[in-house]
Amino acid sequence: MSSTVLVPGALRGETGGESRLAIGSAGTLGAVLDEVARRWPRLERRIRDEQGQLRRYVNVYVDGADCRLTGGLATPVPAGAEIQVVPSVAGG
Amino acid sequence: MAVLMAIGTGKGLFLARSEDERKSWEVSGPHFPMSGVYAVGIDCRRATPRLLAGATSSHFGPSVSTSDDLGASWHEPDHAPLAFPADTGAALARVWQLKPAGPGEPDVVYAGTEPSALFRSADGGVTYEMVRALWEHPHREHWAPGGGGQALHTVLPHPHEPSRVLVAVSTGGVYRTTDAGSSWSASNSGIKAYFLPDQFPEFGQCVHKVVQDAGDPERLYLQNHHGVYRSDDGGASWRSIADGLPSDFGFAMVAHPTRPGVVYSFPLTADAMRFPADERCRVFRSQDAGQTWEALSDGLPTEPFYPSVLRDAMCADDADPAGVYFGTRSGEVYASADEGDSWRLVAAHLPDVLCLRAAVV
């Protein structure tokens, strides 16, 4: 099983410029982000805090669905899924 | 002589450098654009000064970075340099203070955070560990957030006795350790909390800033949420030194780096009227440890002035004579190269200034 994480431009400095990350893990969004934490720790901690919670103004979509509406970190990630990380519209 | 000023703003860190006896300044930045930089440090205990910056992205969270080339490049570890242990259930919201320890501990840097906790670095500010005894203090659950958040914003390591550290929390008050952080005691005797039924409680005061006298580390000056105080016994007791100031409200307080008894304040009218006292841009200086105060305004704007100066947005450098600096929420930075006697505008049109530090580099 594998999946792909799509990295927004603002975070590509944490991936050496890569916009698409091939992830061996699938199953749940939490498992995917755990692998991101092992391989790109600076990227993962921009997405989740040290308690493993998604940061408030980062949105994550699994195959186009907002994970906050589909189980959060327990959201199922099927093989071949695309996980899109998107900074929310916030700030001034 | 080159002097570097680090200007933390709501949207990044700016660096200002003067090579001509602080007559002119070249401003560069922003570093960490769009991140709020609430804490900066210039650690001059090293052969090459190390810059420390606590930046918080509203999207991607907080972190701490260091620079060993005066801001040309910044380093941040792969793993979070400052994080709450898993068993606390807490997550770092913001770094409010980065404070190098005394000369006897050249690799120790302290960090004060939101939520209110103290962290200690033993590698020069690259990585930090939480000081657990303060986090587990039975008072902590009773601390409450001030207007800016629930933060430990002031750290004063004793310059000669590394086992002694004083911290201040909004709201919570002053706490001290004399055993290198193993135990902590509230230290607010004499400080008023007008907003509580018991106006002189053991803890719960909204202390805004504490600084240390240049000549006597037992002498401290404190700007409270209404109230300006001095301690002559290392913080064990406090008495008012507000007489002579136009207001006892404000956030910033700065001690002269070398002259005993010299301290600076930027008074605001009141809690419910957070404009400069009398709507005038003035720094107040005492040269007798708070017994008397004088207004300093030569070179500062003379028209009605409304921006406030936040708790870490005033500082002094370590030159002789000392430079004094303050930044405003309207993005202006004023500097004095003669200990406050005269001032000039050195930067304008920046984002809101949150913190300042300056040093000879």
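**Chain B: what the labels rest on**

Chain B has one helix and 28 strands; helices (H or I, at least four residues) and strands (E, at least two) are DSSP runs, numbered from the N terminus. This is a predicted model, in which local features need pLDDT of at least 70 and side-chain atom pairs count only at pLDDT 80 or more, while totals for chains, interfaces and linings use all residues. Residues are numbered from 1 along each chain as its sequence is written, chains are lettered from A and ligands numbered from 1 in the order written, and side-chain values use heavy atoms, without hydrogens and water.

Student: How do you know that chain B agrees with a compact globule?
Tutor: The globule rule is 2.2 Å times the number of residues to the power 0.38, and the radius of gyration is taken over C-alpha atoms. For 361 residues a compact globule would have a value near 21 Å; chain B has 19 Å, so the two agree. The C-alpha atoms fill a box of roughly 50 × 50 × 40 Å along the principal axes.

Student: Why is B:V254 called buried?
Tutor: Buried means under 20% relative accessible area, exposed over 50%, and partly exposed in between (1.4 Å probe, protein chains only). B:V254 has 6%, so B:V254 is buried. B:V254 lies in strand β19 (residues 249–255). Of the 361 residues of chain B, 59% count as buried.

Student: What makes B:V262 a contact of B:V254?
Tutor: Contact means heavy atoms within 4.5 Å. Leaving aside neighbours within four places in sequence, B:V254 is in contact with residues including B:V262, B:V211 and B:M314.

Student: What makes the phi of B:E21 and of B:A180 worth a remark?
Tutor: Most residues other than glycine have a negative phi. B:E21, in the loop between β2 (12–18) and β3, has a positive phi of about 60° although it is not a glycine. B:A180 also has a positive phi of about 60° and is not a glycine; B:A180 lies in the loop between β13 and β14 (185–186).
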